[in-house]
Amino acid sequence: MEIPFIAFETTKPHTNTVVFLDGRGDRNTSFSRVVTKGLRDSQGRTILEALPSIRWVFSQAPMRKCASSPKTWPQWFDVGPDKVVLAATSVYTLFNLNIPAAEGGGRLAALLGFSGRCPFYGHTLEQMREVLALEDVPQGDDNEVIRNRPILLEHCADDPLVLVQNGRGLRDVLTAFGGRVKWKEYPVGGTLLEGQL
C-alpha cells in the first residue's frame with residue numbers, strides 16, 4: 001500500500017527528518033497546516049522558519065469503514081471490533097522496531113507523541129509483541145530501542161478524543177521501559193486544536 005504524504009523540504013542543508021503519522025479522523029492537509037503555519041515560537045516564527053534544516057513529512061491514513069458507526073474515517077486501524085486496538089501509531093512502531101545498534105546509540109533519534117495512548121496497557125513488551133505476532137521484532141522484553149531514547153509527550157487535559165489519563169498511562173509505560181520521557185500537559189487546547197483541523 002502506498003501512503004500519500006505531504007513533505008516540507010529544508011531551506012538549509014538537511015540534518016533531520018520528522019515524520020508525523022496522523023491520528024484517527026485527521027487529514028494531513030489540515031494537520032500540516034496547523035503545525036507549519038498555525039504554531040509559532042516566542043519570536044513569531046513558524047516551525048519551518050525556526051528549524052530550517054529539518055524536513056517535515058505528514059502522512060495520510062487510508063479511508064476505512066468505522067465498525068461502530070456508518071462513517072468512513074481516515075484511520076490506520078478501526079476501533080470498533082473488540083479484537084482491534086487503536087494505538088498511537090508511532091508508539092506501536094516504537095514497541096516493535098528492530099534496528100541494529102549503531103555507534104552513537106542507534107538510528108532512531110527521538111519520539112514525539114501528541115495526545116497518544118498505549119496499546120495493550122498493563123502488558124509487558126513480550127506480551128504486546130506476542131499479541132501482534134509480527135515478524136522481525138526484538139525478542140522477549142528487549143527494550144533497547146526504547147531505553148534511554150529521548151521521548152517528548154504532550155497532551156491537552158481537555159482533549160475530547162484521547163483522554164489525558166491515557167496519555168499519562170503512556171508516559172508511565174515508556175518510563176518503566178527505560179525511555180527518557182519529558183511530559184508536558186496543558187490545561188486547555190484540545191478543543192481549540194480540534195476546531196482547527
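I call a residue buried when its relative accessible area is under 20%. The model I am reading is predicted.

**Entry: aromatic pairs**

I searched the whole structure for aromatic pairs and got 2. In one of them, the ring centres of Phe8 and Phe58 are 5.9 Å apart and the planes stand at 90°, so I noted the pair as edge-to-face. Phe8 sits in strand S1 and Phe58 in strand S3, and the two are 50 residues apart, so the pair links distant parts of the chain. I then looked up the accessibility of both residues. Phe58 has a relative accessible area of 0% and is buried. Phe8, at 22%, is partly exposed.

Phe95 and Phe177 also form an edge-to-face pair, with 5.9 Å from centre to centre and 80° between the planes. I placed Phe95 in helix H3 (residues 89–96) and Phe177 in the loop between H5 and S8, so this pair ties together parts that are 82 residues apart in sequence. Is Phe177 buried or exposed? Its relative accessibility is 14%, so Phe177 counts as buried. Phe95 is buried as well, with a relative accessible area of 2%.

**Entry: the sheet with S1**

I traced an open sheet of 3 strands in the order S1-S3-S2, with mixed pairing. Strands S1 (5–8) and S2 (16–20) are at the edges with a single partner strand each, so one side of each has no neighbour in the sheet. The twist from one strand to the next averages 15°. S1 pairs with S3 (residues 54–59) in the antiparallel sense over 4 bridges. Within S3, Phe58 is the residue that stands opposite Ile6.

**Entry: the sheet with S8**

I found an open sheet of 3 strands in the order S6-S7-S8, and its pairing is parallel. S6 (111–114) and S8 are the edge strands, each pairing on one side only. On average, neighbouring strands here are turned by 10° against each other, direction ignored. Between S6 and S7 I noted parallel pairing over 4 bridges. Leu112 has Leu152 in S7 as its bridge partner. Helix H5 packs on this sheet and touches S6, S7 and S8, and its direction makes about 165° with that of S8.

S7 (residues 150–156) pairs with S8 in the parallel sense over 7 bridges. Cys156 stands opposite Tyr186 in S8. I followed the chain from S7 through H5 to S8 and recorded a right-handed β-α-β crossover.

**Entry: helix H5**

I checked the length of H5 (residues 164–176). At 1.5 Å a residue its 13 residues should span 18 Å, and the end C-alpha atoms are 19 Å apart, which agrees. Which residues of H5 are buried? I listed Val164, Gly167, Gly169, Leu170, Val173 and Leu174. After H5 comes Gly178, with a positive phi near 100°.

**Entry: Arg180**

I ended on Arg180, which lies in S8 (residues 180–186). Which residues does Arg180 contact, leaving aside neighbours within four places in sequence? I recorded Asn148, Arg149, Pro150 and Ile151. Between Arg180 and Asn148 the C-alpha to C-alpha distance is 5.4 Å, although they are 32 residues apart in sequence.

Conventions: Residues numbered from 1 in each chain as written. Predicted model: local features only at pLDDT ≥ 70, side-chain atom pairs only at ≥ 80, totals over all residues. Heavy atoms only, no water. Contact = heavy atoms within 4.5 Å. Expected span 1.5 Å × (residues − 1). Buried < 20%, exposed > 50% of the residue type's maximum accessible area, 1.4 Å probe, protein only. Pairing = 2+ DSSP bridges. Axes fitted to C-alpha atoms, helices over the stretch in contact; angles between N-to-C directions. Right-handed = clockwise from strand over helix to strand, strands pointing away. Phe/Tyr/Trp six-rings, centres within 6.5 Å; stacked < 30°, edge-to-face > 60°.
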